[in-house]
Amino acid sequence: MAEVEIYTTSLCGYCGRAKHLLKNKGVEFTEYDVTFDAGKRAEMRERAGGRTSVPQIFIDGKGIGGSDELIELDIDDELDPMLGIAGA
């Protein structure tokens with residue numbers, strides 16, 4: 001299974017939506033809450049090519065963007081192969 005990392009903030013609805021999708025697929029992920037962590041926020045910005053919005057999602061170290069991009073990958077049947085899981 002792929003390594004999934006997600007940068008979030010505590011009151012972000014899009015973050016919750018992305019985490020919900022991943023959990024429904026049985027995917028474990030590492031979450032970094034950047035709400036009050038300037039260092040992690042700077043790390044996220046650097047890894048995400050300057051993007052400051054959350055969530056920022058990385059699959060096997062590759063930035064895929066945010067919640068909308070994650071859902072689009074799922075709709076296009078590209079997410080499960082990226083995650084290393086069999087399609088439903």
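**Reading the sheet and its helices**

In this predicted model, four strands make an open sheet of mixed pairing, ordered β2-β1-β3-β4.

Q: Which strands stand at the edges of the sheet?

A: An edge strand has a single partner.

Q: By how many degrees are neighbouring strands turned against each other?

A: Ignore direction and take the average: 25 degrees for this sheet.

Q: In what sense do β3 and β4 pair, and over how many bridges?

A: β3 spans residues 56–59. Strands β3 and β4 are joined by three bridges, in the antiparallel sense.

Q: Which strands does helix α1 touch?

A: Look for contacts, then for direction. Helix α1 (residues 13–24) packs on the sheet and touches β1 (4–8), β2 and β3. The directions of α1 and β1 make about 160 degrees.

Q: What about helix α2: which strands does α2 touch?

A: Helix α2 (residues 38–47) also packs on the sheet, in contact with β1, β2 and β3. Its direction makes about 120 degrees with that of β1.

Q: Where does T9 lie? Is T9 buried or exposed?

A: T9 sits in the loop between β1 and α1. Burial is judged by relative accessibility, with under 20% as the cut-off. T9 has 18%, so T9 counts as buried.

Q: Which residues is T9 in contact with, leaving aside neighbours within four places in sequence?

A: They are C15, D33, V34, T35, R41 and V54.

How values were computed: Residues numbered from 1 in each chain as written. Predicted model: local features only at pLDDT ≥ 70, side-chain atom pairs only at ≥ 80, totals over all residues. Heavy atoms only, no water. Pairing = 2+ DSSP bridges. Helix = DSSP H or I, 4+ residues; strand = E, 2+ residues; numbered from the N terminus. Axes fitted to C-alpha atoms, helices over the stretch in contact; angles between N-to-C directions. Contact = heavy atoms within 4.5 Å. Buried < 20%, exposed > 50% of the residue type's maximum accessible area, 1.4 Å probe, protein only.
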